[in-house]
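Here are my notes on the model, as numbered points. Please read them beside the coordinates.

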Amino acid sequence: MSILDVENLYKTYGDKVLFDHLSFTISEKERIGLIGVNGTGKSTLLHVLAGKDSAEEGTIRHANAFHVEYLPQTPRFEGAVTALDYIYSGNSPLMAVLRNYEHALEDLDEDPLNSVKQEKLLIQQQKMDAAGAWEAEAAAKTILSQLGIRAFHTPVAEFSGGQKKRVALARALIQPADLLILDEPTNHLDNETIEWLEESLGQYPGALLVVTHDRYFLNRVTKRIFELDHGKLYVYDGNYEIFLEKKAEREEQESADEAKHRNQLRRELSWLRRGAKARSTKQRARVERVHQMMEHKGPEAKQSVDIAVGTTRLGKKVIEASGLTKRFGRRTLIDDFNLLVTPGESLGIIGRNGSGKTTLLNMLAQRTAPDAGRVEIGETVKIGYYTQEHVEMNENLRVIDYIKEVAQVMTTADGQQVTAEQMLERFLFPRSEQYTYIRKLSGGERKRLYLLRILMTEPNVLFLDEPTNDLDTETLTILEDYLLQFPGTIITVSHDRYFLDRIADRLIAFEEGKIRRFEGNYSEYLADRKKRRDAEHAAVPDRTKIVRTQEKTPAKKKKLTYKEQQEWNGIEDRISELEEKADQLKQAVADAGSDAGKAQSLYEQQQEVEAELERAIERWTELSLLVEELEQK
């Protein structure tokens with residue numbers, strides 16, 4: 001059943017047509033990915049659908065009670081709103097109940113003996129009961145915890161950009177909505193959190209429309225792809241992999257149709273040149289058709305980067321780090337770390353946010369001094385550093401001038417000169433757009449331009465800090481193709497799994513307080529990590545292991561040991577106790593109300609008890625099999 005119908009949507013930006021009479025529908029529980037080159041109007045389309053912008057022509061129809069929840073790329077927060085205040089904002093009855101309860105509780109905290117405030121809180125608690133809102137409140141705090149937000153009552157203005165995005169994402173997930181619109185939701189999320197988000201969206205009750213550069217995310221979450229290309233919308237049923245296949249088929253068919261059109265036009269022009277007399281109506285109609293064919297615009301030429309950019313010579317010594325240590329306050333991020341970076345290697349750095357990835361990258365580039373240890377960089381090394389932080393750009397410069405500030409030309413591997421204009425074309429800035437002012441570019445277009453500026457310096461060692469953030473999938477493919485041809489050394493911090501699989505052949509992983517080296521790409525690392533965790537989970541202390549007979553000495557066990565017998569006698573009572581304790585903690589989490597600190601502590605205790613319960617059940621299974629085996633003898 002359709003929940004949103006769009007017909008003939010038309011919108012321009014200056015001389016550029018963003019939407020050329022777009023028409024489409026969105027149905028209940030659909031999972032749609034919206035893709036397109038930066039600057040084509042993806043975020044503008046989201047704004048229009050969310051009611052935050054309008055189109056010049058066209059209609060959007062939906063039910064009167066229809067509600068859209070929208071997560072922008074860069075959320076904005078007003079005043080001193082806290083995390084919990086923000087996620088409870090909204091007009092839904094459930095959010096109103098939660099918000100009023102929080103305010104009543106906060107008022108009573110300021111004056112605990114005030115009988116009027118006590119009565120007010122009691123009334124709000126009754127409304128929470130009637131609305132079944134306790135579970136929603138616990139869910140809100142759980143989502144915030146999963147997204148790494150612990151300071152529930154801290155003003156969001158004090159958070160980092162990544163934390164702000166996580167708070168906004170939590171609100172979007174919690175608010176009831178018919179259509180959830182997410183603009184780059186995986187930015188600032190580490191890989192484990194992205195995996196959790198994928199699972200959560202699989203259970204989301206409404207429809208989903210998402211813009212993201214994360215191609216694995218698109219593959220796992222979406223079932224339909226909208227491609228916005230030069231004002232047109234192309235719709236593909238299937239995930240990202242299927243989209244790539246169907247798009248290739250579409251472009252191949254368009255090329256064949258265009259070739260057929262050119263051949264027909266050539267024949268018609270030949271007919272005209274022979275001097276055919278247009279005396280009859282039929283002949284005049286044919287002449288008219290020829291002119292129409294000449295005005296026909298074929299498919300846009302597909303732009304790409306197909307260059308082997310040269311670099312300055314890189315010697316045998318690249319980077320050598322020894323004994324690196326870095327602390328922030330009492331926390332040690334990096335302790336006595338050693339690394340040898342060799343010519344031509346591609347090194348990926350992965351781990352949770354805040355684990356020290358960017359700090360390590362900055363120390364290796366000698367941008368940050370270690371507390372202990374040293375970094376030596378080879379004499380021939382020329383570093384190009386792409387940072388994820390906001391880069392100041394002179395918005396009054398034109399695109400071409402911004403690049404020419406660095407270099408007018410660059411040299412390819414075969415010694416040819418490539419001009420700044422040619423490089424811009426290959427990075428999806430056609431000549432017609434090269435004199436555009438930077439202030440008119442979208443966020444993604446600016447990132448693409450900044451990336452090209454780094455590459456124009458012809459470095460032989462590239463440092464890339466989250467290079468895939470805010471880049472569209474087509475630009476990512478261009479970047480990856482460039483890096484695969486890059487003859488120098490690459491060191492990148494990234495959470496983009498697809499990007500790491502294509503680029504990195506070696507990883508440095510920040511894992512629970514330690515740094516681990518891994519030879520292979522990211523998917524191989526994930527498989528290895530799962531294998532290690534499964535092995536750790538299955539391992540039990542030697543004293544509880546079942547005694548196994550060896551192949552060469554097939555002696556049969558005749559009875560349980562004294563310790564095993566004692567364990568077997570009490571294990572069912574132990575399981576019952578743990579089950580009861582887990583249920584009590586679960587209820588306590590729900591009863592914690594707005595006491596976020598208490599709720600978090602109880603939730604962690606619940607997780608520990610449930611893990612212990614799982615181990616006890618596994619041990620009961622082992623012992624029961626052993627008892628059954630002995631009874632059969």
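1. Arg166 is buried, at a relative accessible area of 7% (buried means under 20%, exposed over 50%, partly exposed in between; 1.4 Å probe, protein chains only). Arg166 sits in helix α6, residues 161-174 (helices are DSSP runs of H or I, at least four residues; strands are E, at least two; numbering starts at the N terminus). Beyond neighbours within four places in sequence, Arg166 contacts Leu147, Gly148, Ile149, His188, Leu189, Asp190, Thr193 and Asn353 (contact: heavy atoms within 4.5 Å).

2. This is a predicted model: local features need pLDDT of at least 70, side-chain atom pairs pLDDT 80 or more, while totals for chains, interfaces and linings use all residues. Residues are numbered from 1 along each chain as its sequence is written, and side-chain values use heavy atoms, without hydrogens or water.

3. Helices α3 (93-110) and α4 (115-131) pack at about 155°, axes 9 Å apart (axes are lines fitted to C-alpha atoms, for helices over the stretch in contact; angles run from 0 to 180 degrees between N-to-C directions). The two are therefore roughly antiparallel (over 145 degrees; under 35 is roughly parallel, 65 to 115 roughly perpendicular, the rest oblique).

4. An open sheet has three strands, ordered β11-β10-β13, with antiparallel pairing (strands pair if DSSP finds at least two bridges between them). β11 (331-341) and β13 (372-377) are the edges; each has a single partner, so one side of each lacks a neighbour in the sheet. The twist averages 20° from one strand to the next.

5. Five bridges link β10 (319-328) to β13. Glu320 lies opposite Glu376 in β13. Helix α11 (357-364) packs on the sheet and touches β10, β11 and β13.
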